[in-house]
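Let's walk through this one together, from the overall layout down to individual side chains. Have the sequence and the coordinates open as you read.

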Amino acid sequence: MSGGTVAGAAGDRASLVGVVLVSHSGPVAESVAAMATGLAGGGIQAPVAAAGGTPDGGLGTSAELIAAAARRVDRGAGVAILVDLGSAVLTVKALMAEGDELPEGARLVDAPFVEGAVAAVVTASAGAALSEVTAAAEEAYGYRKA
Amino acid sequence: MSETALDAAFFIRWMTAAAASIDREADRLTELDSPIGDADHGSNMQRGFAAVRKLLETAAPQTPGAVLTAAGRQLISTVGGASGPLYGTLLRRAGKVLGDAERVTPAELNAALAAGVDAVAQLGGAAPGDKTMLDALVPAVGAGAAFDAAAAAAAEGALATVPLQARKGRASYLGERSIGHQDPGATSSALLFAALPEAAK
């Protein structure tokens, strides 16, 4: 389960931005991916991959799962990476600094995990560019609930 | 000792000594991580440094910089918790600063580690006094190029985290309840610096 899923039938569409969901927990990443793709509707779907937990299914973050997920959803239009907390944030930041483990055009998005994931997958599936996808996800911070 | 140039073999000894000491202290690190963390620091660090030791046994990088860069990369890949990217960044940045010199002086190592500690602070967004590994790392690199002094400063810094209230990471959710516990990350940082004079023997 922590290996991640690729959702969407967009393999033949080179223009879609990919979305990677990195959580401390495999089931959380998988569920948020399922929810975001479900809410994105039935049309063309951007590639989404979950990278949660450690390779043995425990809580934590795996650099390898993240890098593999990013490569799986990379269609050349960029990859938006959303993270939840703690080591998920730090691991992606450290990978970005490394420079060669993530695909070119991968970007860490500063957004709330669930709401940002829905916004990112919906906009990416609509064919938006990486900058629009990240902006939509970041805007999710602006929606106050109380 | 302070004028002796350090070669790749010294850096491999350092990492190997650090791995052995983390292996010995893993249970204690996890114990420290139980009241204020998620009780995985010892096993995470143990896994990461065992992987570093294994990598250095098989790959044996040829320069001090290459040893630290490879070790840092391995920690990011294998630790699984926040300490992976943090320690990985420390060693990798230090390794990059050392470049491809075949030998470096303790002063050059000190400067490289100081750059690594800055990178850790930037990555984690923490500062000294936040009850993190920085409370051991900052005094350690501030103590200068002498290994014994750096090790002592790191150990003292780790002890000094006991009365602090955590302001970063999971422990920060506990607020005042984090007071009275020694920070596990500062403790493992002290182990890393304690391995330096050991490697120089």
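## Layout of chain A

Helices (H or I, at least four residues) and strands (E, at least two) are taken here as DSSP runs, numbered from the N terminus. On that basis chain A has five helices and five strands, and going along the sequence they come in the pattern β-β-α-β-α-β-α-β-α-α. This is a predicted model, where local features need pLDDT of at least 70, side-chain atom pairs count only at pLDDT 80 or more, and totals for chains, interfaces and linings use all residues. For bookkeeping, residues are numbered from 1 along each chain as its sequence is written, chains are lettered from A and ligands numbered from 1 in the order in which they are written, and side-chain values use heavy atoms, with hydrogens and water left out.

Chain A has 146 residues, and 52% of them count as buried; buried means under 20% relative accessible area, exposed over 50%, and partly exposed in between (1.4 Å probe, protein chains only). Take contacts next, meaning heavy atoms within 4.5 Å. Among those in chain A with a separation of 6 or more, 79% join residues 24 or more positions apart.

## How confident is the model?

Chain A averages a pLDDT of 89, with 90% of the residues at 70 or higher; pLDDT is the predictor's confidence in each residue, from 0 to 100. Residues 1–5 of chain A stay under 50, and the model gives them 18 contacts beyond four places in sequence. The pLDDT is also below 50 over residues 7–13 of chain A, a stretch with 15 contacts in the model beyond near neighbours in sequence.

## Where chain A meets chain B

The contact draws 15 residues from chain A and 14 residues from chain B. About 1,200 Å² is buried between the two chains, and carbon and sulfur atoms give 48% of that. Buried area here is the accessible area (1.4 Å probe) that two parts lose on being put together, summed over both. Leu90(A), Ala94(A) and Glu98(A) supply 39% of what chain A buries against chain B, more than any other three residues.

Three residue pairs are in polar contact between chain A and chain B (both residues at pLDDT 80 or more). A polar contact is a pair of N or O atoms within 3.5 Å; within protein, one must be able to donate a hydrogen and the other to accept it, and residues adjacent in sequence count only if both atoms are side-chain atoms. On the chain A side, α2 (63–73) and α3 (87–98) each supply at least two of the touching residues, and α3(A) gives the most, with eight residues. That side divides into five nonpolar, five polar and five charged residues, where Ala, Val, Leu, Ile, Met, Phe, Trp, Tyr, Cys and Pro count as nonpolar, Asp, Glu, Lys and Arg as charged, and the others, Gly among them, as polar.

## Salt bridges

The whole structure holds six salt bridges over all chains, and two are between chain A and chain B. The criterion is a side-chain nitrogen of Lys or Arg within 4 Å of a carboxyl oxygen of Asp or Glu. Arg73(B) pairs with Glu101(A), with closest N and O atoms 3.1 Å apart, and also with Asp100(A) at 3.7 Å, N to O. Arg73(B) is in helix α3 (residues 64–78) of chain B, while Asp100(A) is in the loop between α3 and β5 (106–108) of chain A. Arg73(B) is partly exposed at 32% relative accessibility, whereas Asp100(A) is exposed at 53%.

Chain B has bridges of its own. Arg103(B) and Asp7(B) meet with closest N and O atoms 4.0 Å apart; they lie in strands β2 (residues 103–104) and β1 (residues 6–7) of chain B, so the pair ties together parts that are 96 residues apart in sequence. Arg28(B) bridges to Glu25(B) at 3.0 Å between the closest N and O atoms, and the two are three residues apart in helix α1 (residues 8–36) of chain B, separated by about one helical turn.

## Two buried residues

Ser87(A) is in helix α3 of chain A and is buried, with a relative accessible area of 1%. Its side chain makes polar contacts with the side chains of His24(A) (3.3 Å) and Thr61(A) (2.6 Å). Beyond its neighbours within four places in sequence, Ser87(A) touches residues including Gly60(A), Gly80(B) and Ala82(B).

Pro47(A) is in the loop between α1 (26–39) and β3 (48–52) of chain A, and is buried with a relative accessible area of 1%. The C-alpha atoms of Pro47(A) and Gly18(A) are 5.0 Å apart, although 29 residues separate the two along the chain.
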